[in-house]
Amino acid sequence: MTPVAPDASKADAFVLSCIDPRLVDDVTQLLATMGRTNRYSEMRIAGAALAAVDEARPGWNSAVWDNLAASRQLHGVRRVIIINHRDCGAMNLWAGRNLAADPVEEERQHQAVMDRAAAEVLRRHPDMAVELHLMALDGSTQRLPCAACNAAAERRLDTMRPMLRAEAVAPPPPPSPPAGAPAFAELVRLRLSGGLADAEAERALLTEGVTRYGLTAAEARAALAAEATRHGATPSTAARQVVVFLRAQADGKGRVSRRDVGHAASLYHGLAGNQGRRADADRAVAKLMEAEGLSPRPDGVLRTTTWYRRLAEA
Ligand SMILES: [Zn+2]
């Protein structure tokens, strides 16, 4: 089978590089490693990107832009690969000093010149892609960022996604709260000030918010959370913290001492803003222990757990 020769009439890139004789083969090699051999139009002109934008050389500027336009028309290129190089005589002439003496500053100058050239490519051909490369004298090459390319890509995305953009500009107005919300908030305030006994009472209150006041479950929870921040924890958040405490105090058999159960009840009572009776907190802790599979550790001379039964039944 004869290999298919690349279509010589087509190129997918326009390469702008410098006339420096030291790098002729390196530029060709770089394009080969990109897999672009015979697939690009090449324009070599002193300074590469500089020739496109140097205001002192309008003839060179128009030569670059005319050749790019011609390559687009003749070969259909949609990509511009700009290859500037270090120790460039044209760049030194333009800067009025030997840029290579300070490699960091040299790179900054090349970046600035190539950024201007890229912006001009995109102004003339908004649908094109641009790559910026800086080659060293040994032929090694670094790809430089292209600020104008990123901005152009953003603009293309914007025109491709008008709906997304419209959403970003004008977010939908937040839904107005349901009519029953203020009344439910009053009820929540009342119940919390009396001390919500436990998670069950909390669920009953939330259910009331939905069935009587026409709130969604999320709205009812939000109303409770808003009030709870004024009053301390809700029973369920208090319960979670108490469970963490109990588990930390339990021994290897899941037994909690009388003293620690007392601490847990104080903790629960405190988290609920010291609202309600202390006996309610004791009972809540006993319920939590049961739910968590924790048991009381026998206490005192008789090693009994009567203390705990009294607590649970109080
Ligand atoms: Zn040069």
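Ala-239, Val-242, Val-243, Leu-246 and Arg-247 of helix H11 meet Val-285, Leu-288, Met-289 and Glu-292 of helix H13, where contact means heavy atoms within 4.5 Å. The residues of this contact divide into 7 nonpolar, no polar and 2 charged; Ala, Val, Leu, Ile, Met, Phe, Trp, Tyr, Cys and Pro count as nonpolar, Asp, Glu, Lys and Arg as charged, and the others, Gly among them, as polar. The model is predicted, with pLDDT of at least 70 needed for local features and 80 or more for side-chain atom pairs, while totals for chains, interfaces and linings use all residues. Residues are numbered from 1 along each chain as its sequence is written, and side-chain values use heavy atoms, leaving out hydrogens and water.

H11 spans residues 235-249 and H13 residues 278-292, and the two pack at an angle of about 65° with their axes 10 Å apart. That makes H11 roughly perpendicular to H13 (65 to 115 degrees). Helices here are DSSP runs (H or I, at least four residues), numbered from the N terminus, and axes are lines fitted to C-alpha atoms over the stretch in contact, with angles from 0 to 180 degrees between N-to-C directions.

Turning to the cysteines, the count comes to 1 disulfide, defined as a pair of cysteine sulfur atoms within 2.5 Å. This disulfide joins Cys-146 to Cys-149, with an S to S distance of 1.9 Å. The torsion about their S-S bond is about 70°, so the disulfide is right-handed. Both Cys-146 and Cys-149 are buried, meaning under 20% relative accessible area (1.4 Å probe, protein chains only). Cys-18 is buried too, at 9%, as is Cys-88, at 2%.

How values were computed:
Buried < 20%, exposed > 50% of the residue type's maximum accessible area, 1.4 Å probe, protein only. Parallel < 35°, antiparallel > 145°, perpendicular 65-115°, else oblique.
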